[in-house]
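Open the structure in a viewer with the sequence panel beside it. The tour below gives selections in order and says what is there at each stop.

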Amino acid sequence: MKNFCGILVMICCMGMKAQSITPEDIKDIETPKLYVSDFVSKAPLIDGFIDSEIWNRAQWSETFIDIEGKKKPKYKTNFKMLWDNENVYILAKLQDEHIWGTLKQRDTIIFNNNCFEIFLDPDGNTHNYMELEINALNTVWDLFISKPYRNNPEVKFEWDIQGIKTEVSHEGTLNNSNDIDKGWVIEMALPWKSLNVDNDESPVGKGRFWRMNFMRVHWNFLLDNGKYKRVRDYSNKLKPSSNWVWSSQGAVNIHQPEKWGYVYFNKSDETVDINELPIDAPLIQWMYIQYRQKLRVSNNVNEYSRETVGFFHGAKVVFKRRNIDKKWFWYCESPLTKKQYLISNDGKLSIIKK
């Protein structure tokens, strides 16, 4: 019996070891969402109301999910996008039984209210991205972030999207606790020229993919003499908000740009399959999974420098360290496109095209 148990333990350990070194099949990895934004020759009127003549040309996004992908949101949230040569147009519809807001000053911390948030990374390198937040009072907070918070960024709170237009309409009554509302609508125009800050691509996104995500912050509330206030616990600490997103982050952290969705700006004379992500999208996701794991073991030299092997469409790929021009990168080459992808120590993605 003793020998049998020993053999069983040995078999289990061998199985665990074999499983740990089995290369991953990358092509089937979960990828972010895709939205195709169509071109329009006539711009929508930015008034906070849904102009069916213009906005019927755009499809609604998938309904938002919980940021971790675990819980079902209480209220429904969707967006639409269009574009022309001057602006990107975004329409968001937020179901809500109680529409309220208190913050009225531009560039205050809007997520202290219920709000809608947009994150834009035009060249998809996870650095130099923009954040925009808006509440039910049409108060805006926009900021520019040099890199994800895990990499100690510079955050420019004073930065503004010049020429932005935003309007909000309410299907119900704002800050009135005596009735049940249906929701609110946000409509905005973002000038292309204001979105081209420290990015490597041309300002207009025609025929290109951008990395973007959308998030809705929703607070539970209580009424204090008829006024809405966020709920606190017994120690007077604010209870966490709910965070609902378009493309799942897998954690309560929206500042993981490599997990954001893809928005494709469709040319006016082109038809694109709605499911057509960039062919290397799963490979890039896999690389960032390895990168985040390397950050977690950065104090262990052997684990940090160890190569990782996977298979992508039947071909072997290797995630490894490489020194280029006296700088260290995490490196992988796509067997499909022959593009060489580099992730710097602070997470920035670069592409070398052969």
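Among contacts (heavy atoms within 4.5 Å) between residues at least 6 apart in sequence, 64% join residues at least 24 apart. The model is predicted: local features need pLDDT of at least 70 and side-chain atom pairs pLDDT 80 or more, while totals for chains, interfaces and linings use all residues. Residues are numbered from 1 along each chain as its sequence is written, and side-chain values use heavy atoms, with hydrogens and water left out.

**Whole chain.** Colour by secondary structure to see four helices and 21 strands; these are DSSP runs numbered from the N terminus, helices being H or I of at least four residues and strands E of at least two. Of the 354 residues, 47% are buried. Buried means under 20% relative accessible area, exposed over 50%, and partly exposed in between, with a 1.4 Å probe and protein chains only. The accessible surface (Shrake-Rupley method, 1.4 Å probe; for residues, only the protein chains shown count as cover) comes to about 18500 Å², and 50% of it belongs to carbon and sulfur atoms.

**Select 340–344.** This is strand β20; five of its five residues are buried, so the strand is largely enclosed by the rest of the structure. Which residues point which way from β20? Gln340, Leu342 and Ser344 point one way, and Tyr341 and Ile343 the other. In a regular strand the side chains alternate between the two faces of the sheet.

Strands pair if DSSP finds at least two bridges between them. Strand β19 (residues 327–333) runs antiparallel to β20, joined by five bridges, and Phe329 stands opposite Ser344. Six residues separate β19 and β20 in their hairpin, and Lys338 in the turn has a positive phi of about 65°. On to β21 (residues 349–352), which pairs with β20 in the antiparallel sense over four bridges; here Leu349 is the bridge partner of Ile343. The hairpin of β20 and β21 has four residues between the strands, with Gly347 at a positive phi near 90°.

**Select Arg322.** This residue lies in strand β18 (residues 315–324) and is partly exposed, at 32% relative accessible area. Leaving aside neighbours within four places in sequence, Arg322 is in contact with Lys327, Trp328, Phe329, Tyr331 and Gln340. Its side chain makes a polar contact of 3.3 Å with that of Tyr331. A polar contact is a pair of N or O atoms within 3.5 Å; within protein, one must be able to donate a hydrogen and the other to accept it, and residues adjacent in sequence count only if both atoms are side-chain atoms.

**Select Asp84.** Look in the loop between β4 (77–83) and β5 (87–95). Is Asp84 buried or exposed? At 10% relative accessibility, Asp84 counts as buried. A polar contact of 2.6 Å joins its side chain to that of Tyr89, and a polar atom of the Asp84 side chain lies 2.9 Å from the backbone nitrogen of Glu86. Val204, 120 residues away in sequence, is 8.9 Å from Asp84, C-alpha to C-alpha.

**Select Met81, Phe116, Leu190 and Phe214.** These have the most contacts inside the largest nonpolar core, which has 47 residues. A nonpolar core is a set of buried Ala, Val, Leu, Ile, Met, Phe, Trp, Tyr and Cys residues joined through side-chain atoms within 4.5 Å. A second, separate core of 18 residues includes Ile110, Leu143, Met215 and Val217.
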